[in-house]
Structure formats: structure tokens, C-alpha cells
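Q: Got a structure to go through. Can you take my questions as they come?

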Amino acid sequence: MRTEGQGLLQPHLAPSSTPPADPLCGRRILVGISGSIAAVKLPLLVSALVQRGAEVRCVLTPSAERLVSAASLACLSRQPCCLEADQWSHRAPRPLHVELAEWAELVLLAPLSATTLARWVHGLGDTLLASTLLACEAPVLAAAAMNTSMWASPGVRANWQALQSFPTVLPLGPESGLLACDRQGQGRMADPELLLLALESLALWGPKRDWQGRGLLVSAGPTREPLDPARCLTNPSTGRMGVLLAQAARLRGARVELVHGPLALPAGWLEGLNAEAVLTAAEMRQALLARQPGVQAVAMVAAVADHRRSQPLDTKLDKQALEQALASGWEPVPDLLAELVHGRPRGQRILGFAAQTGDVLPQARVKFARKGCDLLFANPIDQPQAGFGGHSTSGWLLGPGDQVGVLPTARKLAVAHHLLSALAA
Ligand code: CTP
């Protein structure tokens with residue numbers, strides 16, 4: 001990002017018509033699979049990585065070999081799958097665990113079983129996967145999965161706690177749900193869509209957890225203001241930017257609270273975000289105000305509707321009555337961001353967003369002054385590779401003292417990391 005001071009009133013943003021590069025494209029990713037039934041989800045995840053242009057090699061523990069097909073993984077990764085019997089082959093010129101460890105630029109360890117966790121944390125290299133992990137210096141995304149009681153057992157708790165201090169590791173604890181052992185509780189491996197997102201975050205930002213110990217409240221998505229039971233006023237926001245910002249913060253260690261309108265995103269992306277779904281701006285206001293006192297920062301990413309009915313209608317209007325209803329009976333939605341700024345606790349930092357068309361910066365400056373937030377990210381929604389729904393965006397970041405930073409077109413997750421660094425500063 002380029003930052004311009006007061007003198008330069010119109011920092012230039014060159015619009016881009018080509019999508020920014022995928023951070024996973026061309027990367028060498030080692031997928032380590034250990035003995036949990038969640039291993040059956042890995043072939044499709046490997047396929048997704050290959051489709052994004054990653055080079056993938058898989059290593060299975062002996063237990064994983066019994067749960068998932070090595071032939072499927074070899075086929076989907078376009079590489080031979082590494083099994084326990086492959087270690088110490090008389091045909092290999094170098095020890096396989098060292099060769100794999102040095103080859104990997106990123107490691108996805110999923111599912112991570114209680115046994116492989118214990119081997120890794122205690123420095124035991126008695127399987128091909130365990131010795132590869134010990135020899136590997138690349139960043140590792142480790143997604144645990146096991147039975148609820150195993151996860152709660154003191155030994156696993158202690159090992160998981162120890163893993164938190166490994167400097168190259170991004171640990172993802174299991175989610176709650178129905179487990180294959182018919183237990184309902186914590187133990188499910190994080191959703192594969194979330195693993196892809198976390199791996200992209202690891203490629204962009206590494207495993208650094210600079211938001212540890214801090215709370216962030218995020219709003220995302222559109223609001224939906226009903227006109228009658230069949231119609232509403234809303235906008236094309238999908239919630240992608242807000243949810244990516246929330247997940248990026250969570251992966252950087254933040255305790256995140258998410259308040260969101262109707263989303264068009266993979267459901268797994270909401271895991272770990274303490275999410276509350278709302279429909280209208282009034283519901284969003286209530287949910288945000290209730291959570292605001294407990295956090296150190298707020299990111300108001302939601303595309304809040306501008307108007308709502310003064311009197312909601314509970315019967316469907318016919319076409320004639322609709323014309324009349326569209327012309328009258330609306331009131332402006334109060335400015336939630338301005339209210340959050342006005343009522344914020346001491347020291348809380350607030351980031352606003354501005355969706356603009358045309359000459360963005362002058363309009364964004366007026367909006368920034370009106371809202372009173374610490375930072376405002378203004379994006380040109382009428383440009384290619386920016387705006388609602390897509391994978392990328394670009395824009396200007398306005399800060400105190402008339403500071404303006406230019407963010408050229410980048411993946412929304414990369415922009416999210418940049419905004420989090422600015423918000424944490
Ligand atoms: N916002 C809000 N409450 C509203 C409208 C917007 O909190 N009723 C917040 C958005 O979440 C965003 C910022 O204000 O962080 C700017 O939103 P935007 O839609 O760009 O601007 P508006 O305030 O709606 O102004 P205009 O429609 O005139 O551009």
C-alpha cells in the first residue's frame with residue numbers, strides 16, 4: 001500500500017481489469033492426514049487445492065491409510081501418495097521425511113488426531129508424518145478432529161495448549177456438531193471451505209497472532225427492509241468482505257463477534273465467529289450495541305439499507321397499491337456507524353467502509369468527516385475487480401490527519417489483513 005500525506009489530495013488508484021493472483025497458486029503444499037474419520041473429507045479438499053493451481057503431495061499415517069484411499073489422493077493430487085511403507089526405501093536417495101519437509105512451502109495437517117498431536121508436541125518421529133513434521137520449518141495449518149471426550153481429556157488439552165506456542169503453527173480447534181461416533185459435541189474438523197480460507201490466510205500473513213487477547217466486532221452483509229410479506233429493499237452485498245475480515249482477525253488471535261445480514265457464502269466460513277444473523281437494520285443496531293462494550297475494535301462492513309417502511313405492511317400489495325407504496329411511507333434508516341462512534345468506550349477503534357461510484361475520494365472524505373470513525377475504507381464499486389460479491393477489491397484508506405493510503409487491486413482476504421494491521425496500529 002502507498003500512503004500519501006496532506007499535500008497530495010488525489011492519490012491515484014489505477015483500476016485493474018485482471019484478477020489478482022491467488023496466493024495458493026503455484027505453492028508447494030504438503031497435506032498430512034492422520035487417523036480420524038474426518039480424513040474422508042480430504043480428497044475433495046486436495047482436488048480444490050489442485051484446481052487453484054497448487055502443487056500438492058499427501059502423506060498418510062498408518063491409521064489414515066485405513067480410512068481414506070491413497071489411490072484417490074494420488075489421482076486428485078497428480079502425485080504419488082506417501083505411505084508409511086515408503087519411508088527408508090532402498091530406492092530413495094534421501095530420507096523421505098526430510099525430502100518432504102524441505103519441499104513443502106505450506107503444510108495442511110488435517111485431520112490432526114490425538115496421537116499425531118502427541119507425537120509432534122513430544123518430539124517423537126516414529127511415523128513418516130510425525131518425522132516430517134519434526135523436520136519441517138514451513139508454516140503449518142493444523143486442524144484437530146477427534147471424539148468429544150478425547151478432546152476434553154487432560155492429556156490432549158495439555159498437548160493442544162503446548163502446540164499454541166509453536167511459532168510456525170496456526171492451530172484450528174474442532175467445531176461442535178454431530179460426530180461419527182454419534183456424540184453431539186466438540187470434535188468435528190473445521191469445515192473444508194474454512195480450511196481453504198485459513199490456508200490462504202497462512203500464505204498471505206503467516207501464523208502471526210498479533211490480535212491475541214483483543215476483541216473485534218464486525219458487521220457484514222446487507223440488511224433487508226421488508227415492504228410487504230413478498231417484497232423488500234436490500235442491496236447486492238454478499239457479506240464476503242466482512243466475513244473475510246472477521247476470519248482473518250480470528251486467525252490472528254482475535255475474539256470475534258460477527259453480526260450479519262443474509263449472506264451468500266459457504267456456511268463453514270462462519271465457524272468460530274460467534275455469529276448472530278439479523279435481517280433488518282433495527283435488528284443489526286440492537287445486536288451491535290449489545291456487543292460493542294466488550295470489544296477493543298469495531299469494523300462496520302455491512303451494507304446497511306438506506307430506507308425502511310415507517311409502518312411495515314403485513315399483507316401483500318397488488319401492483320396498483322405497490323406503485324403508491326413505493327412513492328411514500330418510507331423513512332431513512334439511522335446511521336449505525338455514527339451511533340457506534342458516538343457511544344464507544346474509551347480507546348475503542350472503529351473502521352468504517354464506503355461504497356462509492358464515480359470520483360470516490362472527495363465523496364469518501366466528506367463521509368469520513370460525517371461518520372467520525374478512526375479509519376474509512378472507500379472502494380469503487382463501479383470498477384472491475386472491485387465491489388460487491390467478487391474475490392478482489394481496491395480502494396483508499398482514509399485515516400487521521402487527512403492521511404490517505406492507496407490499496408491497489410488485491411484479493412479481499414489480503415485487503416482484510418491490511419485493514420486489520422491498520423486497525424491494530
Ligand atoms: N452505515 C451505517 N448505517 C447506515 C448506513 C451506513 O452504519 N444506515 C455504515 C456502513 O456500514 C459503512 C458506512 O456507514 O461502514 C458507509 O456506508 P455507505 O452505504 O457507503 O454510506 P451511507 O452512510 O449509506 O451514505 P450514502 O448512501 O449517502 O453513500
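Q: Which residues come nearest to the ligand?
A: M300, A302, L337, K367 and K371, out of 16 residues around the ligand. A residue counts as near if one of its heavy atoms lies within 4 Å. This is a predicted model: local features need pLDDT of at least 70, side-chain atom pairs count only at pLDDT 80 or more, and totals for chains, interfaces and linings use all residues. Residues are numbered from 1 along each chain as its sequence is written, and side-chain values use heavy atoms, with hydrogens and water left out.

Q: What does the side chain of K367 do with the ligand?
A: An N or O atom in that K367 side chain is 2.7 Å from a ligand oxygen atom.

Q: And how much of the ligand does the protein cover?
A: It covers 78% of the 570 Å² of accessible area that the ligand has on its own. Areas come from the Shrake-Rupley method with a 1.4 Å probe; for residues, only the protein chains shown count as cover.

Q: Which elements give two or more residues to the shell around the ligand?
A: Helices α13 (336–342) and α14 (360–371), plus strand β17 (349–356). β17 gives the most, with 4 residues. Helices (H or I, at least four residues) and strands (E, at least two) are DSSP runs, numbered from the N terminus.

Q: Switching topic. Is H97 buried or exposed?
A: H97 is buried, at 13% relative accessibility. Buried means under 20% relative accessible area, exposed over 50%, and partly exposed in between (1.4 Å probe, protein chains only).

Q: Where is H97, then, and which side chain does it contact?
A: H97 is in helix α4 (residues 96–103). Its side chain makes a polar contact with the Q87 side chain, at 2.9 Å. A polar contact is a pair of N or O atoms within 3.5 Å; within protein, one must be able to donate a hydrogen and the other to accept it, and residues adjacent in sequence count only if both atoms are side-chain atoms.

Q: Now D182: buried or exposed?
A: Exposed, with a relative accessible area of 65% for D182. D182 sits in the loop between β7 (175–178) and β8 (184–188).

Q: Last one. Which peptide bond is cis?
A: The one from A110 to P111, with omega near -10°. P111 is in strand β4 (residues 106–112).
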